[in-house]
Amino acid sequence: MTIDRRRLLGLLGVSGAAAGEAAAQPISYFKGPVAFEHGVASGDPGLTYVILWTRVTPKETTTGDIDVDLEVAADPDFKTLVTASRGLRARASRDWTVKHDLDGQGLKPGTEYWYRFMANGVTSPVGRTKTLVKGAAKDAVLAVVSCSLYPNGYFNAYDAIAKLPRVDAVVHLGDYIYEYGGAPQDYGMNSPVAKSRAPQPPHEIVTLDDYRRRHAQYKTDPALQAAHARAPWIVVWDDHETANDSWVGGAENHNPDKGEGDWTARKAAALKAYYEWMPIREAALPEAAWRSFQFGDVASLLMVETRLTARTPELSYDRDMPIVDGKPDVAAFAAKWKDPSRRMLGEGQEQWLASQVGASVKANTAWQVLGNQVVMARVASANLKATMGEAAYGALQAKLPDYARKRVDQSVAMSAFDVPSNLDAWDGYPADRQRVYDIFTAAKARPIVLAGDSHMFWANELWNDAGQKRVAVEFGTTSVTSPGYGDYLPGVPIGEAFVQRNKEVKYAHPSAKGFVLLTLEHGKATSELMAVSTIMEPTYKVAPLKRFVVTPAADGGVEPLREA
């Protein structure tokens with residue numbers, strides 16, 4: 001199913017008066033008490049511009065817009081004002097959010113700025129942002145995050161990012177919010193802190209008002225506010241910003257028969273709320289999600305969209321793996337799995353990516369970094385039985401409930417075959433993945449793939465289909481709070497089992513929570529897997545779990561990963 005662009009742009013509120021054009025009707029302004037309850041944020045930086053965001057909360061019932069002023073300074077005390085914008089509007093039609101693009105307002109490349117908003121006599125918290133470097137750059141530092149499930153724990157990873165001595169941009173790879181409700185059986189509600197962090201609204205979100213309220217709740221979190229105020233964010237959605245395991249025409253967690261309505265309407269509502277509440281530049285879709293950022297001559301960051309514009313439905317072993325004479329028919333499954341018509345990016349985005357990668361290499365940029373939602377490496381199911389040994393595996397089985405024992409046994413059985421452990425990742429779309437690898441290889445790129453979604457840390461080497469060339473490396477960030485395999489099977493060597501089973505997996509950690517701190521330099525890139533000590537209380541420690549270094553290969557591609 002496709003979305004009519006004109007209809008969707010109207011729903012997103014990025015056309016006509018909502019995009020800043022003159023409105024035909026007189027404007028009604030609310031002059032009563034307001035508050036800045038959701039902090040401030042910046043995003044999508046360029047050489048001389050950045051998007052600034054806030055939300056003004058009216059403290060009385062109103063349908064009026066709110067008049068907002070903005071100041072940008074060269075210092076945190078606002079002694080040196082760089083620019084000021086008066087008469088911005090927090091529109092009721094956009095849930096009283098306001099975004100302003102500072103393009104053409106005197107910003108300089110590679111420079112830090114501080115900003116604040118004012119409305120009805122109230123001043124917002126101060127935010128800090130930074131423009132991109134032009135030309136020669138020594139390095140670039142990125143904090144990479146994904147998957148923040150509000151009821152499952154405290155956002156300590158965001159707090160740790162806010163306290164970094166340096167971060168040029170925060171790259172969020174999706175699952176910024178989750179759509180689930182607050183019933184005892186809902187995802188994350190078995191956490192010890194869930195009662196104090198119950199999701200709002202308390203039911204699964206479906207309507208525009210639902211998605212707005214969930215975004216609003218997330219942005220009341222002080223750690224998240226601090227991270228937004230620390231540096232510009234570069235964001236893209238994954239599935240939970242709409243519904244679990246979403247694709248262009250539906251989602252696993254969308255059921256019209258249960259009153260959840262038309263998928264196109266739900267998707268449009270979710271994206272409208274996303275564009276209202278996130279510091280992302282608004283433009284005609286789908287190009288708003290595909291975009292590039294140039295960190296001087298050290299890195300091109302290319303953000304791709306793999307969910308809502310072209311993805312075909314994922315396969316299922318239950319549905320697509322026939323059982324013949326009591327054995328799985330792997331060949332029949334593989335015929336579907338390797339079908340070239342199965343897409344993640346689609347032709348338009350693929351062409352865009354090829355042009356961006358080619359231009360980056362031609363400009364002699366040191367690294368081509370792919371900001372991508374899901375794991376790209378080949379990852380077959382882990383064989384815990386082989387890793388643990390017969391006795392230890394038997395003891396584990398005896399402790400597990402029936403459903404968990406069945407899942408672990410299935411993983412062991414499937415590890416005998418060269419099929420994916422996760423069909424929702426790039427592994428489920430191997431032909432499209434090879435197309436991306438062909439783009440990298442043709443351009444002689446030096447790619448680093450960033451991935452989220454899996455709730456695990458990963459350090460992977462990516463090889464082409466023939467297994468003859470190391471095309472790229474991949475650093476997968478774990479979740480901020482969302483549970484991973486290691487939370488369900490504590491103490492079980494899942495990471496080691498993945499490494500033993502898979503050539504491309506060099507390191508995997510299934511339970512740590514945190515973020516990836518990526519430092520890009522000419523001649524090397526360093527990935528630090530930063531783990532917080534707990535998400536069960538707001539007091540924590542943060543430290544690198546592992547450090548990996550990669551260097552470029554002379555003829556394109558990369559040298560082997562090495563632990564630092």
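This is a predicted model: local features need pLDDT of at least 70, side-chain atom pairs count only at pLDDT 80 or more; totals for chains, interfaces and linings use all residues.

Colleague: Why is Phe-78 called buried?

Modeller: Buried means under 20% relative accessible area. Phe-78 has 10% relative accessibility, so it counts as buried. Phe-78 also has a positive phi of about 60°, although it is not a glycine.

Colleague: And what makes Trp-96 buried?

Modeller: The cut-off is again under 20%. Trp-96 comes out at 14% relative accessibility, so Trp-96 counts as buried. You will find Trp-96 in the loop between S6 and strand S7 (97-101). Its phi is near 60°, a positive value in a residue other than glycine.

Colleague: Which peptide bond is cis?

Modeller: The one from Gln-200 to Pro-201, with omega near -5°. Pro-201 belongs to the loop between strand S12 (169-172) and H3.

Colleague: Why is helix H3 described as largely enclosed by the rest of the structure?

Modeller: Helix H3 covers residues 208-218, and eight of its 11 residues are buried, so the rest of the structure largely encloses it. Among the buried ones are Asp-210, Tyr-211, Arg-212 and Tyr-218. The buried residues of H3 pack against helix H4 (222-230) and helix H5 (263-277).

Colleague: How do you know that H3 and H5 are in contact?

Modeller: Contact means heavy atoms within 4.5 Å. On the H3 side, Leu-208, Tyr-211, Arg-212, His-215 and Ala-216 meet residues of H5, including Ala-269, Ala-273 and Trp-277. The residues of this contact divide into eight nonpolar, one polar and four charged. The axes of H3 and H5 come within 8 Å and cross at roughly 35°, and the crossing is right-handed.

Colleague: How many cavities of 30 Å³ or more does the structure hold?

Modeller: One. The largest cavity has a volume of about 40 Å³.

Colleague: What makes a space a cavity rather than a pocket?

Modeller: In a cavity, a 1.4 Å probe fits but cannot get out, while a pocket is open. The residues lining the largest cavity include Leu-149, Tyr-150, Tyr-187 and Pro-199, and also Arg-214 and Tyr-218. Both Arg-214 and Tyr-218 are buried residues of H3.

Colleague: How does the lining of the largest cavity divide by class?

Modeller: The lining has eight nonpolar, one polar and one charged residues. Arg counts as charged and Gly as polar, and the lining includes Arg-214 and Gly-181.

Notes:
Residues are numbered from 1 along each chain as its sequence is written. Side-chain values use heavy atoms; hydrogens and water are left out. Buried means under 20% relative accessible area, exposed over 50%, partly exposed in between (1.4 Å probe, protein chains only). Helices (H or I, at least four residues) and strands (E, at least two) are DSSP runs, numbered from the N terminus. On a 1 Å grid over the protein atoms alone, a cavity is a set of points where a 1.4 Å probe fits but cannot get out, and a pocket is an open set with protein on both sides within 12 Å along at least five of seven lines; lining residues have an atom within 4 Å of a point. Grid points are joined across faces, edges and corners, and a volume is the space filled by probe spheres set on the points. Axes are lines fitted to C-alpha atoms, for helices over the stretch in contact, and angles run from 0 to 180 degrees between N-to-C directions. A crossing is left-handed if the near helix is turned anticlockwise from the far one by less than a right angle, and right-handed if clockwise.
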